[in-house]
Amino acid sequence: SIALGLKGDESGKAEMLKSLIAGGVGNSLYPEVLYELGRTLILTGDNNGAEFYLKELSERFQNSHYYPKALLELGLIGLNKGEENKAIEYYKSILTTNPQSPEAQSAVAGLENIYKDQGRAQEFLAYLDGLGMSQTKTPSERELIVFSSAEKQFLSGNYSGAVSSLTSFLRNYPNGGKSAQAWFYLGDSYLKTSKPELALDAFLEVMKIGEESFTELATLNYARISYQLQNYLQAANAYSTLTRIAKLENNKSEAIIGLMNSYFMDGQYRNAIAEAEKALQSEPSENNRTRIKYISGKSYFLLGERSKALPFLKDIAKNKMTPEGAECAYLIISDHFDKGDFARVEKDVYAFADSGTPQSYWLAKSFILLGDTFAERDNWEQAEATYNSIIESYKPKVKDDIEEQIKMRLSKIQEKKSN
């Protein structure tokens, strides 16, 4: 039967071993026959048959040197069948009964892989310690085992499990060689589980460590999250750092645009204008180019530098279908109103309405300005009619300030009439 196996005839080998068992085998040879038959059946894909013969070996011949070999094969069968807990029992039996056998190290390796896959690396190490086998793993190996276990949870998409495992790793190895990577994985896991504030803290730790391979992406994520949480000053600082350390071109571009947006949202309009000028020189996409012009125009407008603002606003206002274009159209009308050019206000408001823009909020704001021009000329009846027409036609998607502004104006008109 062994010769048949060496020739590659595993089926012939298995049948001959079965016939040998059926004919009767002495105890001195029986364990080897059972073991060879079990291994052969595993090779042919008959795990159930293999398990039957290997279990017989493990139950009847515990003093044989084939006993730990059978347990090792039974552990493999358990893994192949997805029965990890059974495999754990078989591997532990080897370490309990035959710790000095050649199979013991294979059992340790098998247990390590199972526990790592299950995110239970610390439990595995504690088990080794309990057996007095701590010396089998060096401190650096123990650290790597715990990290690899946590990493597997992260890479498999088990982010809640990854959070637990990574937190445990960092608690036990705060200054380890894998700490930057662990903090990065932890930050990403918090992001995936909708905990952005905790993700910020984790990415900040990566930035403090300063390991180049993770710092750039950690800084980018830190900046993005800060911006999303409306902490614009913090986002600006992070984007500013990213402009200096980024190696990837797409991250450099995002850093420039992100810094401009953060300054603008933080009310630092001078800085926003300066960054917009830099951004225009970085060959931005068409969408970013529009954003750059919008921020430049609105920043100048809010700074009271209308002559510098208007060229940008007029350019963006050519497309009134977009929110930015509609807002710029409104700001231009607002500028006419502030200058007392009421005829131009009326002309531009009606042109705005005729454009078919879906941006109803900015259109409503423009009609309020139109009503204000009538009020400025003491044409209260026309002003009131304009305000009422807005209330009747404007249907906000979310609550905004239009209704409040109109009610305030109508209230003042009523006061005028009563006087």
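1. A salt bridge here is a side-chain nitrogen of Lys or Arg within 4 Å of a carboxyl oxygen of Asp or Glu. The model is predicted. By this criterion the structure holds 29 salt bridges.

2. Start with R270 and E305. Their side chains meet in a salt bridge, 2.3 Å from N to O. R270 belongs to helix α16 (residues 269-280), while E305 sits in the loop between α17 and α18 (306-316), so the pair ties together parts 35 residues apart in sequence. R270 is partly exposed, its relative accessible area being 48%. E305 counts as buried, at 17% relative accessibility, because the cut-off for buried is under 20%.

3. Next, R224 and E254. This salt bridge has an N to O distance of 2.7 Å. R224 lies in helix α13 (residues 212-228) and E254 in helix α15 (residues 249-265), so parts 30 residues apart in sequence are tied together by the pair. R224 is partly exposed, with 33% relative accessible area. E254 is also partly exposed, at 24%.

4. E83 and K86 form another salt bridge. The closest N and O atoms are 3.6 Å apart, which falls within the 4 Å limit. E83 has a relative accessible area of 27% and is partly exposed. K86 is partly exposed too, at 36% relative accessibility.

5. Now the packing of α17 and α19. The axes of helix α17 (residues 286-302) and helix α19 (residues 323-338) come within 11 Å. They cross at roughly 25 degrees. Angles under 35 degrees count as roughly parallel, and α17 and α19 are therefore roughly parallel to each other. The crossing of α17 past α19 is left-handed.

6. Which residues of α17 and α19 make the contact? On α17 they are Y294, K298 and F301. On α19 they are E324, E327, C328, L331, S334 and D335. By class, the contact has four nonpolar, one polar and four charged residues.

Note on methods
Residues are numbered from 1 along each chain as its sequence is written. This is a predicted model: local features need pLDDT of at least 70, side-chain atom pairs count only at pLDDT 80 or more; totals for chains, interfaces and linings use all residues. Side-chain values use heavy atoms; hydrogens and water are left out. Axes are lines fitted to C-alpha atoms, for helices over the stretch in contact, and angles run from 0 to 180 degrees between N-to-C directions. Helices (H or I, at least four residues) and strands (E, at least two) are DSSP runs, numbered from the N terminus. Angles under 35 degrees count as roughly parallel, over 145 as roughly antiparallel, 65 to 115 as roughly perpendicular and the rest as oblique. A crossing is left-handed if the near helix is turned anticlockwise from the far one by less than a right angle, and right-handed if clockwise. Contact means heavy atoms within 4.5 Å. Ala, Val, Leu, Ile, Met, Phe, Trp, Tyr, Cys and Pro count as nonpolar, Asp, Glu, Lys and Arg as charged, and the others, Gly among them, as polar. Buried means under 20% relative accessible area, exposed over 50%, partly exposed in between (1.4 Å probe, protein chains only).
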